[in-house]
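Hello,

Here is the structure I promised to pass on to you.

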Amino acid sequence: MQTHRIGDDVTVLSDHLEVPGLGFLPVNAFVLHAREPVVVDTGLGLPDRDFVSTLAAVIDPATVRWIFLTHPDRDHTGGIFALLDAAPQARVVTTFLSAGLMSTECPLPMDRIYLLNPGQKLDVGDRTLHAFRPPLFDSPATMGFYDDRSRSCFSSDCFGAPLASPELAGGADARDVPAGDLRGGQLLWATVDSPWVHNVDAGRYMQTVRAMQDFDAESIFSTHLPPARGLGTQLFQVLADAPSAAPFVGPDQQALMAMLQGMELAGALQPPRGGS
């Protein structure tokens with residue numbers, strides 16, 4: 001994992017995963033440096049990741065007061081229990097549904113939960129966080145928030161994009177991605193992560209897009225995109241175009257067999273260790 005400080009208020013804890021056939025998907029968590037520090041999601045739970053150690057390079061985990069869980073998918077909860085141990089004052093800000101979904105495998109401690117709904121607010125000492133449901137999401141438990149002091153919008157999975165290289169996926173600025181590649185990746189991700197977008201009432205969907213746009217955020221922080229500053233017009237156009245984008249169709253068994261055969265062939269062509 002890498003860290004990127006974005007202005008005075010936000011640090012990105014940046015990670016990524018390679019998705020065969022799609023590219024490299026950013027997987028970010030964040031620290032909001034409020035008077036009562038907020039950690040937004042807790043990254044991947046893979047054995048070689050140590051979320052708390054990465055966080056400790058940015059902030060003393062014991063000072064964390066809030067863990068904002070945007071939804072309970074595995075790429076958002078990897079370090080949550082280790083962080084709860086390392087941050088004894090912290091409470092997990094989440095929805096009733098999100099806490100319920102967590103309880104099916106490893107329940108959150110009830111006395112550490114702070115339930116918040118989209119449309120409600122949370123005071124974190126020197127600023128107010130305005131909770132909302134993003135226009136695109138893959139879990140009905142999803143919740144993002146807008147920070148009215150830094151004018152930063154934390155959008156969970158919304159605006160994500162698989163990118164062409166690990167360097168781009170782990171980058172500090174979405175503007176480093178060519179505009180056409182960024183748009184194409186975001187439309188692809190929208191149809192992968194939110195396939196229901198093709199079946200919704202267009203008018204009601206656009207109401208959710210405009211509601212998010214009305215925050216007029218200077219910075220947009222997505223779990224699955226490098227930090228986006230000065231890209232609001234471009235990003236919201238992608239949301240508007242998502243319902244008419246081509247639906248995603250994943251590989252079938254025949255394609256999987258072809259991929260496996262290709263991997264076997266590539267392995268056979270590699271020289272043995274110590275060979276020339």
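Let me start with a pocket. The second largest pocket has a volume of about 160 Å³. Its lining is made up of Arg133, Pro134, Pro135, Phe137, Trp196, Val200, Asp201, Arg204, Tyr205 and Thr208. By class, six of these residues are nonpolar, one is polar and three are charged. (Ala, Val, Leu, Ile, Met, Phe, Trp, Tyr, Cys and Pro count as nonpolar, Asp, Glu, Lys and Arg as charged, and the others, Gly among them, as polar.)

Before going further, two notes on the source. This is a predicted model, in which local features need pLDDT of at least 70 and side-chain atom pairs count only at pLDDT 80 or more, while totals for chains, interfaces and linings use all residues. Residues are numbered from 1 along each chain as its sequence is written, and side-chain values use heavy atoms, with hydrogens and water left out.

A word on how spaces were found: on a 1 Å grid over the protein atoms alone, a cavity is a set of points where a 1.4 Å probe fits but cannot get out, a pocket is an open set with protein on both sides within 12 Å along at least five of seven lines, and lining residues have an atom within 4 Å of a point. Grid points are joined across faces, edges and corners, and a volume is the space filled by probe spheres set on the points.

The largest pocket holds about 370 Å³ of space. It is lined by 18 residues, and Pro72, Arg74, Thr77, Gly78 and Glu105 are the closest to its centre. Helix 2 (80-86) and helix 3 (96-102) are the elements that give two or more residues to this lining, with helix 2 giving the most, three residues. (Helices, H or I with at least four residues, and strands, E with at least two, are DSSP runs numbered from the N terminus.) The lining of the largest pocket has ten nonpolar, five polar and three charged residues.

One cavity of 30 Å³ or more was found in the whole structure, and the volume of the largest cavity is about 40 Å³. Leu136, Phe159, Gly160, Gln186, Trp189, Ala190, Val238 and Leu239 form its lining. Helix 5 gives the most to that lining, with three residues.

Val238 and Leu239 bring us to helix 7 (residues 232-241), where they are buried along with Leu235 and Phe236. (Buried means under 20% relative accessible area, exposed over 50%, and partly exposed in between, with a 1.4 Å probe and protein chains only.) These four sit on the same side of helix 7 because they cover an arc of only 145 degrees around the axis, taken from the directions from the helix axis to the C-beta atoms. Among what covers them are helix 5 (179-193), helix 6 (202-213), strand 12 (219-221) and strand 13 (228-229).

The loop between strand 12 and strand 13 contains Thr223, which is buried at 0% relative accessibility. Leaving aside residues up to four places away in sequence, Thr223 touches Pro26, Val27, Asn28, Phe30, Asp41, His76, Ser156 and Asp157; contact means heavy atoms within 4.5 Å.

Finally, the cysteines. The whole structure has zero disulfides, a disulfide being a pair of cysteine sulfur atoms within 2.5 Å. For Cys153, the closest cysteine sulfur is in Cys158, 8.2 Å away and too far for a bond. Cys153 is buried, at 2% relative accessibility, whereas Cys106 is partly exposed, with a relative accessible area of 37%.

Best wishes
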